[in-house]
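Please keep the sequence and the coordinates at hand while reading.

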Amino acid sequence: MNESSVRTVGWARSLPMEQGVKAARDWAQEHLASLGWDETAPETVHSVLLTVSELVTNAHVHAGTDAQLVMAWDTRCLHISVHDGSASLPTPREPSEERIGGRGMLLVDVLADTWEARPCPHGKTVTACFRAPEAAAAV
């Protein structure tokens, strides 16, 4: 394979607010299993699923909109992107004993290798990237 070319496998799903986070996690779990990561990288799978939960929750609760979830594997990095209808970009907040929520982006920051939020037409997209452990990278 030419070093300048990249093979990418991807999936996309729209998640209306009434479907909830479990539907997003179950859907993501299926695709991670199709990559073989449930066997070769179970800890990464756990981190990815928790990140999916946090990003979809942010779209539904904080943005108050449906979410579009995209997963793309380019043999180097698994990109988890969630688009919502709010232009307000997320920022990690310091934990507080007085607030129930507000820790989601702190978790994403710890779990993902990198993450970014970008404004785009009709909202924003938050993308978290996960490099696979060596055993999963060969898949």
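How far is the sulfur of C129 from the closest cysteine sulfur, and in which residue does that sulfur lie? The distance is 3.7 Å and the partner is C77, which is too far for a bond.

## Basis of the model

This is a predicted model, in which local features need pLDDT of at least 70 and side-chain atom pairs count only at pLDDT 80 or more, while totals for chains, interfaces and linings use all residues. Residues are numbered from 1 along each chain as its sequence is written, and side-chain values use heavy atoms, with hydrogens and water left out.

## Cysteines

The structure holds zero disulfides, a disulfide being a pair of cysteine sulfur atoms within 2.5 Å. C129 is buried, with a relative accessible area of 12%, whereas C120 counts as partly exposed at 26% relative accessibility; here buried means under 20% relative accessible area, exposed over 50%, and partly exposed in between, computed with a 1.4 Å probe on protein chains only.

Five strands make up an open sheet, arranged in the order 1-2-3-5-4 with antiparallel pairing. Because strand 1 (9-15) and strand 4 (114-120) stand at the edges and each has a single partner strand, one side of each is left without a neighbour in the sheet. From one strand to the next, the twist averages 15°. Strands (E, at least two residues) and helices (H or I, at least four residues) are DSSP runs numbered from the N terminus, and two strands pair if DSSP finds at least two bridges between them.

Strand 2 (residues 67-73) and strand 3 (residues 78-84) run antiparallel and are joined by six bridges, among them the pairing of W73 with L78 and that of A72 with H79. Four residues lie between the strands in this hairpin, where T75 takes a positive phi near 70°. Strand 3 is also joined to strand 5, by seven bridges and again in antiparallel fashion, and H83 has T125 of strand 5 as its bridge partner. Strand 3 is mostly covered, since six of its seven residues are buried.

## Helices against the sheet

Helix 1 (residues 20-34) lies across strand 1, strand 2 and strand 3, and runs at about 170° to strand 1; axes are lines fitted to C-alpha atoms, for helices over the stretch in contact, and angles run from 0 to 180 degrees between N-to-C directions. With 15 residues, helix 1 reaches 23 Å from its first C-alpha to its last, close to the 21 Å expected at 1.5 Å a residue, where the expected span is 1.5 Å times one less than the number of residues. The buried residues of helix 1 include A23, W27 and H31, and its buried residues pack against strand 1, helix 2 (37-40), helix 3, strand 2 and strand 3. Just after helix 1, G36 takes a positive phi of about 85°.

Helix 3 (residues 42-62) lies across strand 1, strand 2, strand 3 and strand 5 (123-130), running at about 10° to strand 3. S47 is found in helix 3 and is buried, with a relative accessible area of 14%. Leaving aside residues up to four places away in sequence, S47 touches L111 and F130, contact meaning heavy atoms within 4.5 Å.
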